[in-house]
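Work through the exercises below with the sequence and the model at hand. Each task is followed by a solution in steps.

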Amino acid sequence: MPMARDVLVEVAKQHGVCIKPLALRRLDVVTGQTEIIDVPCGSTLDSKCPPCAKRNRQLRMAQCREGWHLDTEPAITPDEPNEEQRWLVEFRADMQAKRDAAAQVGDDTTDLDAVLSGLDDEINAAGMRGSVTGSAVPKRTRSTRRRQDAPDLPKRKMANTTLGRTFTSPDGKVYRPSLFVTLTLPSYGKVRNGVPLDPDTYDYRRAARDALHFSKLVDRFVQNLRRVAGYDVQYFASVEPQKRLAPHLHMAIRGTLPRAEIKQIAAATYHQVWWPQADEVRFDGAHLPIWDEQAGYLDPATGEVLPTWDEALDALDEDAEPLHVLRFGEQVDVQGVLAGTPDADQCIRYLSKYLTKSLGDALDGGQAQREHAARMVDALRYEPCSPTCPNWLRYGVQPKNAKAGMAPGRCRSKGHKPEHLGYAGRRVLVSRKWSNKTLAEHRQDRRTWVLEALGQADEPTDPHRYIWRPVPAGDANVPPLAVRLLRTVAERQRWRAHLRELEARAAGQDHSATWEEAA
Ligand SMILES: [Zn+2]
Ligand SMILES: [Zn+2]
């Protein structure tokens, strides 16, 4: 007989209920009442919480659909921050400080991280874009940093628009064509069914470096695309694993260009990684740099201080070669798509197909493919993933922000892990003026829609009214997970029944897909 608990989790999944909810304590400052509220875990990966992953995928599909064939220019003018927004940002700063303090002493920060990401959603819902911490890392500008040569590409005069061209047929119908582009990385050696024919000659090092820096190559492609297209091209792209475990890119592009030009852009696009050398091993095995509180990392034999990250970059002179140069492979697929056609829907499904899987989940080819993946993880083990990666010690450089206890081969960043296989970047890349909405705003749309359908007003809650606090693990006020799941399933069933009733009344209108998604 199946275990009751397993059955319950299955039932929860079928009802689209989060199976790993996070309990938060909510204090209502008006009534003084405290309540434990379950917040969905918000997982984007199938392996962690399928219902949340599925919901996230549907939101992404909605976002992709709404932006692709936009026919009016999105308006992006930030308003003055209002009181509520300021309060949220301040509160988030407090929570961030708490989280950092917890991380400092080595406490588990899972709960606080969840609160922070919840707050980011709130901040977005309050009409602010981006996240407070997101992309706030200052860019290093230095004289030795080399300019990437502009590739040899045609260049059109920039028009101040994000919309593509339209075509009007003789009968007055307006066509809004756009593109669906697939870009892959080059070959590292012959493969069959995703497995190298000769693992000894397969270029794992190149594959590892390409995967680690893939997102930079994509950025370059977009830059070049805009330059050639002559308008502010918008895109919705997803990074997915190929069978051979290399990342590749599907991209919905608003507007159209000749296929030959897209291929020309892909061929001309490259990215140079201007990092110190990472091919000659200087420290290995028991012979590792030692930490000194004052000086940083030293050569264990000579006591010589290793160059810091900045010094190592400064030492790259005119003759230096880039550590790595990335290019796309020859396989470039360009498909023209018309707004509102089954083709467009097909592409949107395709774009989001693997979103709920991690890159390593592409493994299904049995033993040979698992061995291939293991060799890839091996190649990634000592590859520096970022300026702060401890692996730099292996090549005689102190990592940026060096601290005690670092050792090559022991970097905990995502890129080295089997489930990421080098690519630690975001899986969905959406340009800023795509649908003119953030994911939180798309989520809010859906919520508003359901509440309207249920005849309830979606009143904005006063952000000052509630104070949210994480609940420590094992808190006696939190019922067992089974009880919480049962409650949510019951609630979901009531909703669903109510929506079905309304649906029956509204028969004749084709809302079925939306009802299903919302329910
Ligand atoms: Zn969940
Ligand atoms: Zn690393």
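**Exercise 1.** Classify tyrosine 350 as buried, partly exposed or exposed, and describe the aromatic pair formed by tyrosine 350 and phenylalanine 180.

Solution. Step 1: tyrosine 350 has a relative accessible area of 36%. Buried means under 20% relative accessible area, exposed over 50%, and partly exposed in between (1.4 Å probe, protein chains only), so tyrosine 350 is partly exposed.

Step 1: phenylalanine 180 has 3% relative accessibility, so phenylalanine 180 counts as buried.

Step 2: rings of Phe, Tyr and Trp (its six-membered ring) pair if their centres lie within 6.5 Å; planes under 30 degrees apart count as stacked, over 60 as edge-to-face and the rest as tilted. The structure holds ten aromatic pairs. Among them, phenylalanine 180 and tyrosine 350 lie 6.4 Å centre to centre with 70° between the planes, an edge-to-face pair.

Step 3: this pair links distant parts of the chain, with phenylalanine 180 in strand β5 (residues 177-183) and tyrosine 350 in helix α9 (residues 342-352), 170 residues apart. Helices (H or I, at least four residues) and strands (E, at least two) are DSSP runs, numbered from the N terminus.

Step 4: Tyr188, Tyr202 and Tyr204 are linked into a cluster by ring pairs.

Before going on, note that this is a predicted model, in which local features need pLDDT of at least 70 and side-chain atom pairs count only at pLDDT 80 or more, while totals for chains, interfaces and linings use all residues. Residues are numbered from 1 along each chain as its sequence is written, chains are lettered from A and ligands numbered from 1 in the order in which they are written, and side-chain values use heavy atoms, with hydrogens and water left out.

**Exercise 2.** State how many salt bridges the structure holds, and examine the one between glutamate 261 and arginine 156.

Solution. Step 1: a salt bridge is a side-chain nitrogen of Lys or Arg within 4 Å of a carboxyl oxygen of Asp or Glu. The structure holds twelve salt bridges.

Step 1: in the one between glutamate 261 and arginine 156, the closest N and O atoms are 2.8 Å apart. The two residues are 105 residues apart, glutamate 261 in helix α7 (residues 259-268) and arginine 156 in the loop between α4 (110-125) and β3 (167-168).

Step 2: glutamate 261, at a relative accessible area of 13%, is buried, whereas arginine 156, at 39%, is partly exposed.

**Exercise 3.** Describe the salt bridge of aspartate 279 with arginine 209 and the network that includes these residues.

Solution. Step 1: the N to O distance in this salt bridge is 3.0 Å. Aspartate 279 sits in the loop between β10 (270-273) and β11 (290-292), and arginine 209 in helix α5 (residues 204-212), 70 residues apart.

Step 1: aspartate 279 is partly exposed, with a relative accessible area of 41%, while arginine 209 is buried at 5% relative accessibility.

Step 2: salt bridges link Arg205, Arg209, Asp279 and Glu383 in a network.

**Exercise 4.** Compare the surroundings of aspartate 299 and arginine 282, which form a salt bridge.

Solution. Step 1: their closest N and O atoms are 3.7 Å apart. Aspartate 299 is in the loop between β12 (296-298) and α8, and arginine 282 in the loop between β10 and β11, 17 residues apart.

Step 1: aspartate 299 counts as buried at 7% relative accessibility, and arginine 282 as partly exposed at 34%.
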